[in-house]
Amino acid sequence: MKYIPTNKFIQSRSLTTTINNLQEKEKSTPQYEVTFVKKNGERIKVTCNEGDSLLDVVLNNNLDFDGYGACGGTLTCSTCHVILKKEDFDRLPDTPTEEENDMLDLAYEYTDTSRLGCQIRITKDLNGLEVCLPSSINDARS
Amino acid sequence: MRASNFIPMRVCNHFISLKLFNSKVNSFRSVTVCVIGSGPAGFYCTQHLLKLLPTSSIDIYEKLPVPFGLVRFGVAPDHADVKNVINNFTKIGSDSRVKFIGNVSLGKDFKLQHLQEAYNIIILCYGADQDIELKIPGEKLNNVIPARKFIGWYNGLPHDQDIPINLDVENVNIFGHGNVAIDVARILLKSVDDLRKTDITENSLSRLAESKVKTVRIIGRRGPLQVAFTIKEFREILKLPNVQTIINPELFENTESILPDLPRPRKRLTELLFTTTRKSQTTAQSDKKLFIEFFRSPTKFTGINAVNGVELVINKLKNLHDISPELQQIEATCQKEYVPCELIFRSIGYKSSKVDQEIPFYSSNYIGKLRVLPGVYSAGWLSTGSTGVILSTMSNAFKTAYEICEDIKNGIINDKEDKPGYNYIKKILKKEGKITVDWQGWKNIDKVEIERGKYRNKPREKIVNVSEMLEIGGRAE
Ligand SMILES: Cc1cc2nc3c(=O)[nH]c(=O)nc-3n(C[C@H](O)[C@H](O)[C@H](O)COP(=O)(O)OP(=O)(O)OC[C@H]3O[C@@H](n4cnc5c(N)ncnc54)[C@H](O)[C@@H]3O)c2cc1C
Ligand code: FES
């Protein structure tokens with residue numbers, strides 16, 4: 001039978017190329033680990049790329065935290081609130097900006113080591129970072 | 001990349017939560033649920049319930065032909081980023097277990113009793129769409145406008161399109177110290193050119209372009225430590241070009257000593273207010289002025305047809321010892337003041353309507369209880385009163401969804417009986433010849449709005465007329 005390339009074929013071929021490109025990219029950029037700790041103690045360890053924000057990490061790994069990142073990282077919702085360990089909070093390269101602090105003022109269960117996940121970018125120094133989620137965001141209660 | 005990830009995510013999460021839940025509760029069957037109101041509370045309840053009760057089906061009924069409640073009709077047009085929550089709501093609305101039925105009202109097209117026949121669980125999330133009134137003489141004069149209606153007007157809420165507002169005036173007073181008052185002031189003071197690229201309606205844009213407003217006073221009955229607006233909204237208005245914000249520094253004489261003991265949000269906000277008082281003293285070259293005024297309650301609006309001024313009584317704090325500064329109450333003094341002005345906005349809060357006599361209200365302006373009646377629950381502003389941002393509504397909605405599951409687990413809700421769900425309500429709607437809008441219908445309306453927006457470089461041009469919405473997205477039941 002004569003082989004006729006269909007649209008479907010072309011589509012799937014371009015999809016494969018994209019996937020290959022992505023895999024290439026993943027190989028070339030270093031992979032780091034981040035752990036999210038829910039209020040019920042459940043620990044979720046995932047990997048991410050250099051420069052990903054914690055919000056990217058949640059989205060790219062399809063983490064099912066209801067409501068997390070409602071504004072898409074535009075500093076207008078504070079649903080991406082995370083609580084860090086003191087030593088991690090201190091070693092973040094930047095302190096929260098005025099705008100981030102304004103949004104943190106609305107966060108539930110605010111602590112002195114609270115940050116907004118969409119503003120934290122993962123670098124080599126932060127590999128292995130562990131952050132806690134406040135109970136209002138995740139479904140610890142279920 | 002993110003968008004394409006979505007489908008596998010849903011399948012996978014669905015599976016996980018099913019497993020999680022079954023490990024705890026074996027007796028879960030599919031329950032028929034309805035949600036009344038498609039604002040944040042309705043969508044967040046739906047999202048959480050789908051996770052906790054993966055086999056349920058959820059019908060969302062909405063009074064308007066279009067979804068999203070105050071995210072579409074309340075949140076200011078220049079707060080586009082806040083509206084990103086719509087992306088999440090759209091995923092929820094597209095879930096095969098969810099059905100959207102727009103253009104139908106509880107209390108008008110059907111009763112609570114009908115819903116009780118049709119569903120195992122009813123969640124009331126219909127918000128707070130009435131105004132709290134000041135109840136003073138002159139409130140009905142022309143150009144005394146409820147902030148709620150002004151906001152509905154510029155955001156395209158169909159029944160607020162004809163408000164009789166005259167913007168050919170210079171002096172405006174806004175009563176109330178919440179975020180809504182700040183929104184109204186910002187829209188009045190902002191350059192129209194900065195609004196053109198938002199989803200503000202074309203009609204209000206052209207009217208605002210002709211506005212002569214120069215001075216806005218936001219007046220509150222309590223003091224600087226008791227304001228209800230949030231720092232983000234306040235900082236935003238301070239940054240408006242060509243507007244000078246003025247606050248009387250005398251009010252802050254004793255605050256410095258209290259500052260360290262205040263909770264962080266209050267402390268930061270008070271510091272910012274205080275810094276603003278100092279800046280107020282420098283004479284800036286601004287065309288427009290915004291005064292934030294405290295300790296004043298209106299007692300009478302004056303005027304013959306239209307308002308021309310307001311009589312105020314000056315208040316003072318009771319300074320009760322056992323109450324934190326934020327919660328201090330006030331009492332009136334015998335001092336009075338008169339301020340001329342040609343436009344007044346009343347912005348002292350929203351209240352919920354009792355759309356069905358069978359719905360008990362445990363507070364005067366809202367339900368005030370999560371468990372309303374057996375099988376009937378509430379969430380969002382209808383449940384808590386009209387305070388808080390979307391984050392607080394979300395958290396409240398998640399709690400309602402969680403408590404519903406607890407009640408099922410504990411046998412409090414009757415989930416054994418098979419209920420007919422929408423089929424039952426549909427018969428009622430059909431008999432009335434009701435036109436409804438389903439999710440596809442909304443998507444058609446959405447598409448037309450986005451198309452129309454393109455011509456004007458706006459994210460969308462909202463359709464402001466119910467019959468036009470129904471022509472595009474409606475269908476007879
Ligand atoms: C002017 C304004 C600006 C705001 N700006 C922001 C902001 O920038 N950021 C932020 O985080 N929060 C903001 N908020 C707060 C936010 O809008 C609320 O927290 C949230 O919308 C409350 O959600 P809800 O679902 O309880 O009510 P709503 O959003 O009001 O939803 C209720 C829904 O029920 C429908 N309904 C009413 N009656 C019936 C009936 N009888 N039958 C069926 N359906 C019915 C309504 O049409 C509506 O769609 C703002 C609020 C206002 C008023
Ligand atoms: S995602 Fe909204 S503030 Fe971070």
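The model is predicted: local features need pLDDT of at least 70, side-chain atom pairs count only at pLDDT 80 or more, and totals for chains, interfaces and linings use all residues. Residues are numbered from 1 along each chain as its sequence is written, chains are lettered from A and ligands numbered from 1 in the order in which they are written, and side-chain values use heavy atoms, without hydrogens and water.

Select ligand 1 and display its shell, the residues with a heavy atom within 4 Å of the ligand. The shell holds 34 residues, and the closest are Glu62(B), Leu70(B), Trp381(B), Ile390(B) and Thr393(B).

Next, select Trp381(B), where a backbone N or O atom lies 2.8 Å from an oxygen atom of ligand 1. At Gly388(B), the distance from a backbone N or O atom to an oxygen atom of the ligand is 3.4 Å. Leu106(B) places a backbone N or O atom 3.0 Å from a nitrogen atom of ligand 1. The protein covers 93% of the 1000 Å² of accessible area (Shrake-Rupley method, 1.4 Å probe) that ligand 1 has on its own.

Now colour domain 1 (9-129 + 351-476) and domain 2 (133-348) of chain B, with bounds from an automatic or database assignment. Ligand 1 lies between these domains because both give residues to its shell.

Finally, select α7(B), a helix (a DSSP run of H or I, at least four residues). In α7(B), 10 of the 11 residues are buried (under 20% relative accessible area, 1.4 Å probe, protein chains only), among them Asn179(B), Asp183(B) and Arg186(B).

Methods: Polar contact = N/O pair within 3.5 Å; in protein donor to acceptor, adjacent residues only side chain to side chain. Buried < 20%, exposed > 50% of the residue type's maximum accessible area, 1.4 Å probe, protein only. Helix = DSSP H or I, 4+ residues; strand = E, 2+ residues; numbered from the N terminus.
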